[in-house]
Protein chains: 2
Amino acid sequence: MAVRERIRVGGRSARIQTAVHEAVKRLATENNRDELTVPQIAAEAGVTPSTIYRRWGDLSALLADVAVERLRPIADPEDTGAVASDLRLFIEQFMEEMSSPVGRALMRDVFSSEEAYPCQCAGFTREHLTTIVSRARARDEAAFDIDQVLDHVVAPIIYHILYGDRELTLDYCHALLDRVQSRPTAAAPPAPAGPAAAQRAPREKAGRGSVRAPRVVPPKTRVGRKSANSKSPGRR
Amino acid sequence: MAVRERIRVGGRSARIQTAVHEAVKRLATENNRDELTVPQIAAEAGVTPSTIYRRWGDLSALLADVAVERLRPIADPEDTGAVASDLRLFIEQFMEEMSSPVGRALMRDVFSSEEAYPCQCAGFTREHLTTIVSRARARDEAAFDIDQVLDHVVAPIIYHILYGDRELTLDYCHALLDRVQSRPTAAAPPAPAGPAAAQRAPREKAGRGSVRAPRVVPPKTRVGRKSANSKSPGRR
DNA sequence: GGCCTTAACGCAAATAATTTGCTTTAAGGT
DNA sequence: ACCTTAAAGCAAATTATTTGCGTTAAGGCC
C-alpha cells in the first residue's frame, strides 16, 4: 500500500482544528448535544462544512476526537505525600469527573465512533496510575497493582456510570479501594497482553492548563458516499 | 401534563416494528454498520422513511432499540445443578457473547442513544444473576452477592470489552470469579439505591427461541427539527 | 357486527445535511 | 524565493430528514 503523502500539521490546519474543537465545546455547552450539526459547528468555527467532512468524516468522529482531547490528561495526579492518599484522591476526582454530565457525554462520544478512541482513553487512566506507582517507588513505599485497581475500582465505577443503574458515592469508591488494598497483588488474575498492556513512562509534569502542541487529525481517506450505492467514486 | 392518547400496539404497528427490526438485523449483517441509513432500512422493511423518523426519531435511536431487544434475555441461564457452575457457565457465555463483534456493536448502539437503554440492559444482567441466586436458594446452597459479582466480574469484563485495552480469556474470567468467591459477602461496599437496585423476580423460564409479545415503541413526540432554528413547529 | 374516533402510516414536497468537482490558499521542502 | 501539492473554500449535486395532509386501520363503544 502506498505511503500517504506527507500530512500538513502546521499553520492553517492547526488553526482550523483548534477553531473547530473550540466551536464544538461552545456549542455543546449552549445546546442539547443531540442537536449539534456539522454546518452549525462549521459556521461557529468559521470554516466550510466540507472541510469538516473531509477531515473528520462525520459528526460522530468529530465529537469523539474532541472528547478524546478533553479526556487526555494535561497534568499528573496530585502528589499528596503518600501513595494511599494519592490513589484515593485520584479515584475520587476520577469518579466525580466521569459521572458529571460532561464526563458521561464525553464517554458516549468516545464509544460512538469507529476509531480506536476507547483504547486510547483506557491508556490515559493507566498512565495516571503508573505515575502514582512510580512516585510511590521513588518514596520507597509499597505500591499497588495497577491491573487490580483497573479491574476492581475503575471498572465498577465506569460500569455504573455507563449503565446508570446506580448513583456513585465517595463511600462506595473508598470501599472499592479498601477492598483492593486489603489484598495487594495476591491472586492477581492473568492479564494477557493487549494494546495498552505496555506501560508508558509518566510524562513530565505539565501543570494545569499548560498548552500542548496540537495533534492534527489527517483527513479521511474513505472514498465516495458511505452507502455502497454511491453514485460517484472518489478522486483519491 | 396531559396523558398521551392511547398508543396502538396491535396489527399494523406491530407488523411494522417487526419488519423494521428484521430489516436492521439483515442489513447490519450484510453491510458495514456505519453505512446503514434510514431510507435503506425503510426500503428493506417496505415502509416509508418518515414512518421510521416519526416512530424512532433517528437512526441512532432505532439501532439502540433493536440492540436492546437483541440483548433482552429470552431464556434463563442454564441450570448445571450447582450454583458455582451455574455462575461460571453464565459468566463464560456472557463474556463470549459480549466480546463478539455483534456484542460490541450492540453495546455501542445501546450507549449511543439518549434513551435510558443502558440502565435497562444492566437490569437484564442483574436479572440473570438473581435467577441463579434464587435457584441456589431453592437448592439450599450458599449463594453469592449479586453486587459483588456485578462490581468485580461483570464490570471488569465490560470495561475491557468497551475500552478494547486487552483481550479477554476464560482464565481471566475464572480468576475474577475465584476472587469474588474466596470472600463472599464480607466487606461489601455500600450500594446506594438506584433505578435497578430493586431486584425483580425471575421471569418464568421461557425456553430458547420462544416468542414474546412485541413491545411497540411509541412515536417520538419531539416537535420540529432537532436544531433550535426549526422552521415549522410540529402539529401535535 | 357496525360505527366512530383518531393514531399511525403513506405520499410528496420542502428543508437541511452531506458529498463531490474544481479552484484557491498556503504548508513545507529544496 | 520557488515549487509541489495538501488542505481549504466555493458551489452544485445528491441524499437524508422533516413536515403537511390524506389514507388506512386499530380499538373502543353500542
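So, Ala116(B) sits in the loop between H6 and helix H7 (117-138) of chain B; helices here are DSSP runs of H or I, at least four residues, and strands are runs of E, at least two, numbered from the N terminus. Ala116(B) counts as exposed, because its relative accessible area is 58% (exposed is over 50%, buried under 20%, partly exposed in between, with a 1.4 Å probe and protein chains only). Ala64(B) is 52 residues away from Ala116(B) in sequence, and the C-alpha to C-alpha distance is 10.0 Å.

Quick housekeeping. This is a predicted model, where local features need pLDDT of at least 70, side-chain atom pairs count only at pLDDT 80 or more, and totals for chains, interfaces and linings use all residues. Residues are numbered from 1 along each chain as its sequence is written, chains are lettered from A and ligands numbered from 1 in the order in which they are written, and side-chain values use heavy atoms, leaving out hydrogens and water.

Now the helix pairs. Helix H4 (residues 59-71) of chain B packs on helix H6 (residues 101-112) of chain B at about 125°, axes 8 Å apart. The axes are lines fitted to C-alpha atoms over the stretch in contact, with angles from 0 to 180 degrees between N-to-C directions. That angle makes H4(B) oblique to H6(B) (under 35 degrees is roughly parallel, over 145 roughly antiparallel, 65 to 115 roughly perpendicular, the rest oblique). On the H4(B) side, the contact residues include Ala64(B), Ala67(B) and Leu71(B), and on the H6(B) side they include Leu106(B) and Val110(B); contact means heavy atoms within 4.5 Å. By class, that contact has eight nonpolar, two polar and two charged residues. Nonpolar covers Ala, Val, Leu, Ile, Met, Phe, Trp, Tyr, Cys and Pro, charged covers Asp, Glu, Lys and Arg, and the others, Gly among them, are polar.

What about helix H1 (residues 11-30) of chain B? Its axis and that of H4(B) come within 10 Å and cross at roughly 90°, so H1(B) is roughly perpendicular to H4(B). Among the contact residues are His21(B) and Lys25(B) of H1(B), plus Asp65(B) and Glu69(B) of H4(B). The tally is five nonpolar, one polar and four charged residues.

Over to chain A: nine helices, zero strands, and 44% of its 236 residues count as buried.

Which residues touch the most other members of the largest nonpolar core? Of its 83 residues, they're Ile91(A), Ile157(A) and Ile157(B). Beyond its neighbours within four places in sequence, Ile91(A) contacts residues including Val153(A), Ile157(A) and Leu177(A). A nonpolar core, by the way, is a set of buried Ala, Val, Leu, Ile, Met, Phe, Trp, Tyr and Cys residues joined through side-chain atoms within 4.5 Å.
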